[in-house]
Amino acid sequence: MDIRILTAAELDEAIVLAKEVILSETDASWSKEAANSISEFMTERLNQFTVYGLYAKGLESILVYDSDKMHIILLLTKQASRKKGYATALLNHLKEEADENHLSKISANVVASAVDFYHHFGFEDTGISTEAGGMNYTPMEYLLGREWLGKTVTVIIDHPYGSFHPHIADLTYPVNTGYVEELFQKNGEFQDAYVIRPKEPLDTFKGVVSGIIYHKDDHRSYFIVTRVTENIDENEIIQAVGFEQQFYETRILWK
């Protein structure tokens, strides 16, 4: 099995596979008109997206996505190649890419016939099922970084407790803020983190990830890091991080 991003020269093969699957699907949640529309869309706009291809005997499965938004456009596998884990392998590959860039989530508009598969992988519904253009779909997302909940990490403090905020006038940091040493990448990508409870400036802090803050409309996330032996009330944490997070629509996953 080989998974790779397809070159421009390989996209024609992906278009052939997509048309074969879309136009011959018997249990899909789209009409014939929608199938033709999707097929035309693939022909005209596939080169605007990033395409992973999975090869076994040949090209067996493709995953088309918007790399800027980390949004899945299509995930398709040949009928004869299903139930071999190919689609799951492609999603895992995309998850690895998103993790490496410290993105907070992967989103998708999922047709009804594939909802159970996405749920099994770990996606969650973010809205109600909608019909548009002869196709039924459900907006879904996969929250990244959840495997760090409960793990011990080291936070490198770059905005100590009591220091002035660089963007909010006259505000000093009510918590030590920095990035997770274990997730820092050489290309400069990092994972933000808040250190809760210590009331003095720190250079580093070792603690446990007690929660993760996700933003609805962007790909930033923040680890909430506390002392390993300390249980802190969730409301106290929400109050502590509100100086920045009050400006966003957020969701928090707790340990």
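Which residues is Thr226 in contact with, leaving aside its neighbours within four places in sequence? I started my notebook with that one, and the list reads Ile196, Phe205, Gly207, Val208, Ser210 and Ile232. Contact here means heavy atoms within 4.5 Å.

**Ground rules**

I am working with a predicted model, where local features need pLDDT of at least 70 and side-chain atom pairs count only at pLDDT 80 or more, while totals for chains, interfaces and linings use all residues. Residues are numbered from 1 along each chain as its sequence is written, and side-chain values use heavy atoms, with hydrogens and water left out.

**Entry 1: the whole chain**

I looked up the overall make-up next. The protein chain has five helices and 14 strands; these are DSSP runs numbered from the N terminus, with helices being H or I of at least four residues and strands E of at least two. I noted a C-alpha trace that spans about 65 × 35 × 35 Å along its principal axes. Of the 255 residues, 48% count as buried. Buried is under 20% relative accessible area, exposed is over 50%, and partly exposed lies in between (1.4 Å probe, protein chains only). Among contacts with a separation of 6 or more, 63% are between residues 24 or more positions apart.

**Entry 2: back to Thr226 and its strand**

I went back to Thr226, which is in strand β13 (residues 221-226). Thr226 counts as buried because its relative accessibility is 1%. Its side chain makes a polar contact of 2.7 Å with the side chain of Ser210. For that term I used a pair of N or O atoms within 3.5 Å; within protein, one must be able to donate a hydrogen and the other to accept it, and residues adjacent in sequence count only if both atoms are side-chain atoms.

Is β13 covered on one face or on both? Both faces are covered: Ser221, Phe223 and Val225 are buried on one side, and Tyr222, Ile224 and Thr226 are buried on the other. Six of the six residues of β13 are buried, so the strand is largely enclosed by the rest of the structure.

Then I checked the partners of β13. Strand β11 (residues 192-195) pairs with β13 in the parallel sense over four bridges, and two strands pair if DSSP finds at least two bridges between them. One of the bridges links Ala193 to Phe223 in β13. Strand β12 (residues 204-215) runs antiparallel to β13, with six bridges joining them. Here Val208 stands opposite Thr226, and Val208 is also among the contacts I listed for Thr226. β12 and β13 form a hairpin with five residues between them.

**Entry 3: β4 and its neighbours**

I moved on to β4 (71-77). Six of its seven residues are buried, so β4 too is largely enclosed by the rest of the structure. β3 and β4 pair in the antiparallel sense over six bridges, with Ile62 opposite Leu76 in β4. The two form a hairpin with four residues between them. In that turn, Met70 has a positive phi of about 50°, and Met70 is a residue other than glycine. At 1% relative accessibility, Met70 counts as buried.

On the β5 side, β4 pairs with β5 in the parallel sense over two bridges. Ile72 has Ala108 of β5 as its bridge partner.

What is the phi of His102? I noted about 55°, a positive value although His102 is not a glycine. His102 sits in the loop between α3 (86-100) and β5 (105-111), and with a relative accessible area of 10% it is buried.

Leaving aside its neighbours within four places in sequence, Thr138 is in contact with Ala108, Asn109, Val110, Val115, Asp125, Gly127 and Ser129. Thr138 counts as buried, at 9% relative accessibility.

**Entry 4: α1 against α2**

On α1 the contact is made by Ile15, Ala18, Lys19, Ile22 and Leu23, and on α2 by Ala35, Asn36, Ile38, Ser39, Met42 and Thr43.
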